[in-house]
Amino acid sequence: MRDEILTTEEVCTLLKIKKATLYRHTSQGTGPPFYKIGKHNRWKRTEVMAWFDAHLDELSRSGR
């Protein structure tokens, strides 16, 4: 079974964050890994969730 591919909007909905927050993490290289397809960013659901789990303590300490 293939991993689900997510759009920017779907990642934001999944993580319950604003696009600006995701863009900031993406531009700083601190966000979940993504793939550039043409002019669009795409994410694998399992990688987004692994990133979230790995950074949960850090994210809650920073109040984000």
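So, K16: this residue sits in the loop between α1 and α2. Helices here are DSSP runs of H or I with at least four residues, numbered from the N terminus. Is K16 buried or exposed? Its relative accessibility is 73%, so it counts as exposed. For the cut-offs, buried means under 20% relative accessible area, exposed over 50%, and partly exposed in between, with a 1.4 Å probe and protein chains only.

Quick word on what we're looking at. This is a predicted model, where local features need pLDDT of at least 70, side-chain atom pairs count only at pLDDT 80 or more, and totals for chains, interfaces and linings use all residues. Residues are numbered from 1 along each chain as its sequence is written, and side-chain values use heavy atoms, with hydrogens and water left out.

Okay, step back into α1, residues 8-15. Which residues are buried there? They're T8, V11, C12 and L15. These four cover an arc of only 100° around the axis, so they end up on the same side of α1; that arc is taken from the directions from the helix axis to the C-beta atoms. As background, an α-helix has 3.6 residues a turn, so residues three or four places apart point the same way.

The axes of α1 and α2 come within 9 Å and cross at roughly 105°. That makes the two helices roughly perpendicular, a label that covers 65 to 115 degrees. The axes are lines fitted to C-alpha atoms over the stretch in contact, and angles run from 0 to 180 degrees between N-to-C directions. On the α1 side, T8, E9, V11 and C12 meet K19, L22 and Y23 of α2, with contact meaning heavy atoms within 4.5 Å.

Then there's the core. The largest nonpolar core has 8 residues: L6, V11, C12, L15, L22, W43, V48 and W51. A core like this is a set of buried Ala, Val, Leu, Ile, Met, Phe, Trp, Tyr and Cys residues joined through side-chain atoms within 4.5 Å. Who gives the most to it? That's α1, with 3 residues.

Take V48 from that list: leaving out residues up to four places away in sequence, V48 touches V11, L14, L15, P32 and W43.

Last stop, M49, in helix α3. M49 counts as partly exposed, because its relative accessibility is 30%. M49 and P32 are 17 residues apart in sequence, and 8.4 Å apart in space, C-alpha to C-alpha.

Notes. Angles under 35 degrees count as roughly parallel, over 145 as roughly antiparallel, 65 to 115 as roughly perpendicular and the rest as oblique.
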